[in-house]
Every structure is written in C-alpha cells, then in structure tokens.
Amino acid sequence: NNVFTISPNPFSKQTTFNFSVENAGQIELEIFDINGRLVFSQQKHMQAGKNKIKIQKANLPTNGIYFYKIKTDQRVDSGKLILF
C-alpha cells in the first residue's frame with residue numbers, strides 16, 4: 001500500500017511530498033498549472049519504505065493553484081497544490 005501526504009499545503013516557501021512504497025522502483029512527480037501545462041517534473045528511483053520529494057517555491061512559476069500527479073509502479077495519485 002502506498003501512502004502519500006503533502007505538508008504543508010497550501011505552502012509559501014517549500015512543501016514536501018511524503019510517501020511510503022512497498023517495493024523499490026521509479027516514481028514520477030508532475031505538477032501542472034491551472035491551464036493544464038506541465039510546469040515541473042521529476043523522476044527518481046526510490047527505495048522501499050519511506051521517501052520524500054521537496055518542492056521549492058522557485059520550482060513553480062508563480063503563486064496560485066496547481067495540480068499534481070505522482071506515479072509509482074503500483075499506483076497513481078493526484079490532487080491540488082496551493083502556492084501563496
């Protein structure tokens with residue numbers, strides 16, 4: 001079972017995607033702006049267990065609402081991310 005949390009959300013300087021995965025493998029994080037344009041993408045190999053990806057304010061073009069999609073070999077999660 002994969003477990004994803006984002007803390008803090010909304011954020012002003014940095015947020016962290018925390019997750020745990022049962023098996024080591026590739027993970028992909030994509031962040032889209034309100035118009036559906038891809039504004040950030042990161043792929044990493046993750047070990048089994050707890051992992052995290054940090055997103056800085058500088059990684060995103062401007063304050064506002066974004067949508068994320070995080071994919072592992074076993075699951076896809078998506079949701080809203082707010083930068084203020």
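In the predicted model, Lys71 is joined to Glu28 by a salt bridge, with the closest N and O atoms 3.3 Å apart, a salt bridge being a side-chain nitrogen of Lys or Arg within 4 Å of a carboxyl oxygen of Asp or Glu. This pair links distant parts of the chain, since Lys71 lies in strand β6 (residues 64-71) and Glu28 in strand β3, 43 residues apart; strands are DSSP runs (E, at least two residues) numbered from the N terminus. Lys71 counts as partly exposed because its relative accessibility is 28%, whereas Glu28, at 16%, counts as buried (buried means under 20% relative accessible area, exposed over 50% and partly exposed in between, with a 1.4 Å probe and protein chains only).

The structure holds four salt bridges, among them that of Arg37 with Asp33, whose closest N and O atoms are 3.0 Å apart, and that of Arg75 with Asp77, at 2.5 Å from N to O. Asp33 counts as buried because its relative accessibility is 11%. Arg75 is partly exposed at 33% relative accessibility, while Asp77 is buried at 17%.

Ile34, located in the loop between β3 and β4 (38-46), counts as exposed because its relative accessibility is 53%.

Residues are numbered from 1 along each chain as its sequence is written. As the model is predicted, local features need pLDDT of at least 70 and side-chain atom pairs count only at pLDDT 80 or more, while totals for chains, interfaces and linings use all residues, and side-chain values use heavy atoms, with hydrogens and water left out.

Conventions. Helices (H or I, at least four residues) and strands (E, at least two) are DSSP runs, numbered from the N terminus.
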